[in-house]
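Okay, thanks for coming, everyone.

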Amino acid sequence: KLEALDSEFTSGLANCQQKTLVTSHDAFGYLTNAFGFQQLGITGLSPESEPSPARLAQISKLVTDQGITTIYYETLVSPAIAETVAAETGATTAVLDPIEGLAAGSTDTFITVMQENLKTLIKGQSCS
């Protein structure tokens, strides 16, 4: 099942127009490295830290200059920082699930969560 999932990601992300993922923080390094993306975290590694106004301006300029259309945040982190950058640049926001917060009794599995993440990435990164 994991090999099939890897194949889904490889083919689904093979032809993306945008190769930079702007995320609320650096939570998806393994994913971005494995599939040839560059991750740009707004706040760095810590989801609790607040970016400086200069950092927000820097990220917003990069988003605008590179035509990035989607700012990602994770399920267990406030979307406020991602929403701020999105509002400043005209981008949208989308959720990527790191699978840390599955609710008790959930029928989701690693595979199903990652398949949803793949759908989100295909749309957000304009993959064909």
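Predicted model: local features only at pLDDT ≥ 70, side-chain atom pairs only at ≥ 80, totals over all residues.

Residues are numbered from 1 along each chain as its sequence is written, and side-chain values use heavy atoms, with hydrogens and water left out.

What is the order of the strands? We have an open sheet of four strands, β2-β1-β3-β4, with parallel pairing. Strands pair here if DSSP finds at least two bridges between them; strands (E, at least two residues) and helices (H or I, at least four) are DSSP runs, numbered from the N terminus. The edges belong to β2 and β4 (92-96), each with a single partner strand, so one side of each has no neighbour in the sheet. On average, neighbouring strands are turned by 35° against each other, direction ignored. For angles, axes are lines fitted to C-alpha atoms, for helices over the stretch in contact, and values run from 0 to 180 degrees between N-to-C directions.

Zooming in, β1 (residues 20-23) and β2 (residues 38-41) pair in the parallel sense over four bridges. To get from β1 to β2, the chain goes through helix α2 (residues 29-34), a right-handed β-α-β crossover. Right-handed means that, with the strands pointing away from you, the path from the first strand over the helix to the second runs clockwise. On the β2 side, Leu 21 has Gln 39 as its bridge partner, and Val 22 has Leu 40.

Now the packing, with contact meaning heavy atoms within 4.5 Å. Helix α3 touches β1, β2 and β3 (70-74), and its direction makes about 145° with that of β2. Helix α5 lies across β1, β3 and β4, at about 155° to β4.

How many salt bridges does a search of the whole structure find? Two, counting a Lys or Arg side-chain nitrogen within 4 Å of an Asp or Glu carboxyl oxygen. Asp 65 and Lys 61 meet at 2.5 Å, N to O; both lie in α3 (residues 53-66), four residues apart, and both are exposed. Glu 116 and Lys 119 meet at 3.1 Å, three residues apart in α5 (residues 110-124). Glu 116 is partly exposed at 44%, while Lys 119 is exposed at 54%. Those are relative accessible areas: buried is under 20%, exposed over 50%, partly exposed in between (1.4 Å probe, protein chains only).
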